[in-house]
Amino acid sequence: MQSVGALLLRALVSTRDLLLTLPVVLLALPLWALPWPLAARLGRFYGRSAALGWPLARRVAMINLRRALGLERAAARRLTFEVFAHLGQSIADGLQCARRRNTTSAGSDQSDGSDGSGALAALYRIEDPELAARLLADPRPKVFVMAHLGSWEMTAAALAQRFGKHGAAIARKVDNPFLDALVRRVRLDHPGQWIEKRGATAAALGRLRAGDSVALLLDENGGRRGTFVDFFGRPASTHRSAALLTLLAGAQLVAGAVVHDETRGERLFLLREIETCGGLAGGAAVHDLTQRVTATLEEWIRRYPNQWRW
């Protein structure tokens, strides 16, 4: 039996987590409920407010922007505030996309195969329709690589709708159980779409070998287990998971991102198939493939620097 002290500690921790969840819910509700244009504007306001109230994160972003793009201090500062604004907008996009997906699913029995993919597809334009058609026609399972670029929650939804729901995303659960439940409620249509990040390789490989596809975010520090590749002219430790899963399962490696193309006033769905090098094997093949997909992400980030989480 648990001691009274342990029970009391659990109660205190649960109370703390609940209290931390309430303001998040209050801030997120308008982004969910408002019409999309108003929600996007409110999200941008949230982002700019966060930039003002979080000087450390603002300073880190400015340093990274100056190192990567060679910007002057004033230009880096302006771009930093735009980055934070877009971060808030991307959160609003994710919530709005989830609301529409959930509403469509609730209003359809899907007996005719309708799952809201048409409504979602109407929100963006595919940059390379021929590539999308070729990927769709290829029966091989796919490893989809995303970054914190553009509206990444919308990217995940677009990939799921475009290439089928028989797949899952690798993600880390939120330590706060109340927030974790909310995140899963927003992101998932069913629990099978989630693969816990800790120990994900075996589970993801099993899904790929069963014919499912797997999505993951690659633009995070790979730590000591990562492989160092060139990223904006500097060595960066990057997770090997995408390349490793691709090679072990004989899958296609595809990078994707839904970004805001401000020159055209539309959302653009970027897709790129990352080819493997047949002359390499083992660690060299993993490193080469990781470098190739990282180079693609860097190319897109350079095109839309205000839409990446610096």
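These legends walk through several close-up views of one predicted model. Residues are numbered from 1 along each chain as its sequence is written, and side-chain values use heavy atoms, with hydrogens and water left out. Because the model is predicted, local features need pLDDT of at least 70 and side-chain atom pairs count only at pLDDT 80 or more, while totals for chains, interfaces and linings use all residues.

View A. Helix 1 (residues 4-33) gives the most to the patch, with 3 residues. Helices (H or I, at least four residues) and strands (E, at least two) are DSSP runs, numbered from the N terminus. Leu22, in helix 1, counts as partly exposed at 44% relative accessibility. On this scale buried means under 20% relative accessible area, exposed over 50%, and partly exposed in between (1.4 Å probe, protein chains only).

**View B. Helix 1 beside helix 8.** The axes of helix 1 and helix 8 (residues 177-187) come within 8 Å and cross at roughly 30°, which makes the two helices roughly parallel. From helix 1, the contact uses Ser14, Asp17, Leu18, Thr21, Val24, Val25 and Trp32; from helix 8, Pro177, Phe178, Leu179, Leu182 and Val186. Axes are lines fitted to C-alpha atoms, for helices over the stretch in contact, with angles from 0 to 180 degrees between N-to-C directions. Angles under 35 degrees count as roughly parallel, over 145 as roughly antiparallel, 65 to 115 as roughly perpendicular and the rest as oblique. Contact means heavy atoms within 4.5 Å.

View C. Arg140 meets Asp138 in a salt bridge at 3.0 Å, N to O, and Glu273 in another at 4.0 Å. Arg140 sits in the loop between helix 6 (129-137) and strand 2 (142-146) and Glu273 in strand 9 (residues 266-274), so this pair ties together parts that are 133 residues apart in sequence. Arg140 is partly exposed at 37% relative accessible area, whereas Glu273 is buried at 18%. A salt bridge is a side-chain nitrogen of Lys or Arg within 4 Å of a carboxyl oxygen of Asp or Glu. By this rule the count comes to 14, and Arg44, Arg48 and Glu82 are linked in a network of such bridges.

**View D. Around Ile195 and Arg207.** Ile195 lies in strand 4 (residues 194-196) and is buried, with 6% relative accessible area. Not counting residues up to four places away in sequence, Ile195 touches several residues, including Ala168, Ile170, Val214 and Arg207. Arg207 in turn forms a salt bridge with Asp212, the closest N and O atoms being 2.8 Å apart. Arg207 is partly exposed at 22%, while Asp212 counts as buried at 15%.

**View E. The surroundings of His148.** His148 lies in the loop between strand 2 and helix 7 (152-163) and is buried, with a relative accessible area of 6%. Leaving aside neighbours within four places in sequence, His148 is in contact with Leu217, Asp219, Glu220, Gln307, Trp308 and Arg309.
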